[in-house]
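Let's take a walk through this structure, looking at how its side chains pair up. Have a look at it first, and then we'll go pair by pair.

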Amino acid sequence: MKKAHILLVEDNEGDIYLTKEAFEESKITNKISVLKSGADVMDYLKKADRFPDPQTPDLILLDLNLPKKNGLEVLLEIKGSEAFKMIPIIMLTTSSSEQDIEEAYKAQVNCFITKPVDAESFLKVVSATENFWIQIVTLPKP
């Protein structure tokens, strides 16, 4: 089984917990790094000193509603960077707004997933996402 480094950008503690739980249930030992602010993402990717042992992720799970810099701004910044634009980004958010979906795809998101509200469905979505993006898809090397 393939292993990957996943960067989870999420400010909701409950969603962080559920996402990690879903990955643990799959029995695949992926490395998961968590950032709680959109403003921290580029510093992390550029390996700023304040991040211990930052590793370029194979996949980014990005919330839309983040403090300091929202997910769309982060997405635009990453996809506008020659060094990081190849990293697949999944927008994993509570939003189901057609405008948010359209803007995310225009900004080159690889996938837009609306988070289910109940925990069991959320776990299934994260598990299916991991299976597809880590086990099935061939990702570029970071």
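Let's begin with E120, which counts as exposed because its relative accessibility is 53%, over the 50% cut-off. Keep in mind as you look around that this is a predicted model. K124 is exposed as well, with a relative accessible area of 56%. Both E120 and K124 sit in helix α5, which covers residues 119–136. They are four residues apart there, or about one turn of the helix. Their side chains meet in a salt bridge, with 3.5 Å from N to O.

Why can such side chains pair at all? Side chains of opposite charge can do so when their charged atoms come close.

How many salt bridges does the structure hold? The count is ten. Some of them share partners, and these join E10, D15, D63 and K115 into one network.

Another one of the ten salt bridges links E13 and K36, whose closest N and O atoms are 2.2 Å apart. Here the two ends come from separate parts of the chain: E13 lies in helix α1 (residues 13–25), while K36 is in the loop between β2 (31–35) and α2 (41–45). The pair therefore ties together parts that are 23 residues apart in sequence. Are these two residues buried, exposed or partly exposed? E13 is partly exposed, with a relative accessible area of 47%, and K36 also counts as partly exposed, at 42% relative accessibility.

Then there's K85, whose side chain meets that of E82 in a salt bridge of 3.2 Å, N to O. The two partners fall into separate classes: K85 is partly exposed, with a relative accessible area of 33%, whereas E82 is exposed, at 63%.

Now for the rings. The structure has two aromatic pairs.

W133 counts as buried because its relative accessibility is 11%, which is under the 20% cut-off.

Technical notes:
Residues numbered from 1 in each chain as written. Predicted model: local features only at pLDDT ≥ 70, side-chain atom pairs only at ≥ 80, totals over all residues. Heavy atoms only, no water. Phe/Tyr/Trp six-rings, centres within 6.5 Å; stacked < 30°, edge-to-face > 60°. Buried < 20%, exposed > 50% of the residue type's maximum accessible area, 1.4 Å probe, protein only. Salt bridge = Lys/Arg side-chain N within 4 Å of Asp/Glu carboxyl O.
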